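Please read them with the model open beside you.

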Amino acid sequence: MQYPLRSCLFLALLACAEPPTFDPEVSAAFQSVVSAVRGKDGGRLWELSPEAMHTEMQALFEQQSVMVSAVQAAYPESDRAAALADLASSLVEGAKDGRDLFIALLDLDKFAIQPASERGLAIAELTINGTEAVVTTVGGESFRFVKEAGGWRTTVLAAQVEVSPGLKRLRANLDIAKANLASWDRAVQETTDRSKPE
């Protein structure tokens, strides 16, 4: 099949055209993350994180608050202090919501940017696929972003918090405390039922 010369040139130009490697919104979001890490600004990092993480942190905060109150009210006095420490009750006492819990759990020292690594944070590649984007730095690090509420939010911190040993331990301790409280509640009910007159 013959194509007119003009069509061939157009197709050749399309084949040679590269996808855009710069998007001002994604680039600005990436720079905001770097600036917040550099400034150890946990509140700004919260704002730059996705809504799914906000929802999860709020649910965890509420679960932790309920469990801390239940342990304070029902745990045997001899075990109470250790159980409250296992539940990181000091985080709840100083927190108002999931945002505060996120900031308390975030170890910003792990994300410290060393002067020697500054150049490695330059954007080497930026790809966008609909509502998702990935920034790859000169140093080989990848930062994933999702578009929400008219802006780009990074999923990197959500992933870091999820794999944090402290968070895994807290979730395990919440389950243990819940099981202990349920067990003691059953034991009290059985004792009360047996003590009733026939």
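1. Trp46 is buried, since its relative accessible area is 11% and the cut-off for buried is under 20%. This is a predicted model, and the values below are computed from it.

2. How many aromatic pairs does a search of the whole structure find? The search finds two. In one of them, the ring centres of Phe30 and Phe143 are 5.1 Å apart and the ring planes stand at 70°, so the pair is edge-to-face; planes over 60 degrees apart count as such. Phe30 belongs to helix 2 (residues 24-38) and Phe143 to strand 3 (residues 142-148), so this pair links distant parts of the chain, 113 residues apart. Phe30 is buried, with a relative accessible area of 0%. Phe143 also counts as buried, at 13% relative accessibility.

3. Trp46 comes back in the other pair, with Phe102: the ring centres are 5.4 Å apart and the planes are at 55°, so the pair is tilted. Where do the two residues of this pair lie? Trp46 is in helix 3 (residues 42-47) and Phe102 is in helix 7 (residues 98-105), so the pair ties together parts 56 residues apart in sequence. Phe102 is buried, with a relative accessible area of 0%.

4. Helix 2 can be checked for length. Its 15 residues, at 1.5 Å a residue, should span 21 Å, and the end C-alpha atoms are 21 Å apart, which agrees. The expected span is 1.5 Å times one less than the number of residues.

5. Which residues of helix 2 are buried? They are Val26, Ser27, Ala29, Phe30, Val33, Val34, Ala36 and Val37. As background, an α-helix has 3.6 residues a turn, so residues three or four places apart point the same way. The buried residues of helix 2 pack against helix 3 and against strand 1, strand 2, strand 3 and strand 4.

6. Look next at the two ends of helix 2. At its start, a side-chain oxygen of Asp23 reaches to within 3.0 Å of the backbone nitrogen of Glu25. Just after the helix, Lys40 takes a positive phi of about 50°. Lys40 is found in the loop between helix 2 and helix 3, and it is partly exposed, with a relative accessible area of 45%.

7. Ala88 sits in the loop between helix 5 (77-86) and helix 6 (89-93). At 21% relative accessibility, Ala88 counts as partly exposed, as the cut-off for buried is under 20%.

8. The strands form an open sheet of four, in the order 1-2-3-4, with antiparallel pairing. Which strands stand at the edges? Strand 1 (123-129) and strand 4 (151-154) do; each has a single partner strand, so one side of each is left without a neighbour in the sheet. Neighbouring strands of the sheet are turned by 25° against each other on average, direction ignored.

9. Within this sheet, strand 2 (residues 132-137) pairs with strand 3 in the antiparallel sense over five bridges. In general, strands of a sheet pair through backbone hydrogen bonds, either parallel or antiparallel.

Note on methods
Residues numbered from 1 in each chain as written. Predicted model: local features only at pLDDT ≥ 70, side-chain atom pairs only at ≥ 80, totals over all residues. Heavy atoms only, no water. Phe/Tyr/Trp six-rings, centres within 6.5 Å; stacked < 30°, edge-to-face > 60°. Buried < 20%, exposed > 50% of the residue type's maximum accessible area, 1.4 Å probe, protein only. Pairing = 2+ DSSP bridges. Axes fitted to C-alpha atoms, helices over the stretch in contact; angles between N-to-C directions. Contact = heavy atoms within 4.5 Å. Polar contact = N/O pair within 3.5 Å; in protein donor to acceptor, adjacent residues only side chain to side chain.
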